[in-house]
Amino acid sequence: EKQVMATVPNSSGAASLGLQSVGALLDLAKPSLEKRLAQLENQNLREGFGVEEYTTNSQMRSNGTSMPADVRSTVYEIGPGGAELTKEQVGKLLSVGGGECDCCKKTRQELGKTNLSRCTRCLKAFYCSQACQKKQWKTGGHKQACRAPSEIKEGDWLRIHNVTSRPEINGRIVKVIGPTPNGRWEVRISGGEKSISMAGEKLEQLRP
């Protein structure tokens, strides 16, 4: 029977030097490893998904100012079982509003108005009259959907923005699952099964 003998150096010998060398190499490789782990995490989130890009037709806001490209365009995920949002629903969420009354759907041109009244709370809903505003609040669902600028609730559809560490997820429309113990929000990409944790300031409100 063949015997194998090994010599284990003491802590001040070659083994110590070897460990120091390995440690130095790991320190050098750490940024690359972290970047690759982030890429794999994003790939895992997107696995089995198709990506479609939605661009709004309008390039001008209702007040005549230009609409930035990053507001006019976004991407949303389509899961294996079908997206939770249709393209029409995505268009509604991303629309700037102000071209027509959100209740009666009459346009400014039809109404002979230069501008429509805007909800003073969410600043994203537009109406031609107090009657339409009250009707939409009571029976049109705006009471449930209206949010103050920094307000977030479970079930809201929001958009990820201003993430510098992982810019590839900017523009994703996500559904709020609920708050996390550390003060962030658990969100799920439209059509997906996996959720991620996001800071509130990285979540942009969309049209109610």
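## Strands and how they pair

Two strands count as paired if DSSP finds at least two bridges between them. Helices (H or I, at least four residues) and strands (E, at least two) are DSSP runs, numbered from the N terminus. Before we look around, please note that this is a predicted model, where local features need pLDDT of at least 70, side-chain atom pairs count only at pLDDT 80 or more, and totals for chains, interfaces and linings use all residues. Residues are numbered from 1 along each chain as its sequence is written, and side-chain values use heavy atoms, with hydrogens and water left out.

Let's start with β5 and β6, which run antiparallel and are joined by 3 bridges. Here R159 sits opposite I173 in β6. Next, β6 pairs with β7, also antiparallel, over 5 bridges, and V176 faces V187 in β7. The hairpin of β6 and β7 has 5 residues between its strands, and G183 takes a positive phi near 85° there.

## The nonpolar cores

A nonpolar core is a set of buried Ala, Val, Leu, Ile, Met, Phe, Trp, Tyr and Cys residues joined through side-chain atoms within 4.5 Å; buried means under 20% relative accessible area (1.4 Å probe, protein chains only). The largest core has 13 residues, and I160, V174, V187, M198 and L203 have the most contacts inside it. β5 (157-160), β6 (173-179), β7 (185-189) and β8 (195-198) each give two or more residues, with the largest share, 3 residues, coming from β7. Another core, of 11 residues, lies apart from this one and includes C122, C128, C132 and C146.

## A look at D102

D102 lies in the loop between α3 (87-94) and α4 (108-111). With a relative accessible area of 8%, D102 is buried. Leaving out residues up to four places away in sequence, D102 is in contact (heavy atoms within 4.5 Å) with K124, A125, F126, Y127, Q136 and R207.

Conventions. Buried means under 20% relative accessible area, exposed over 50%, partly exposed in between (1.4 Å probe, protein chains only).
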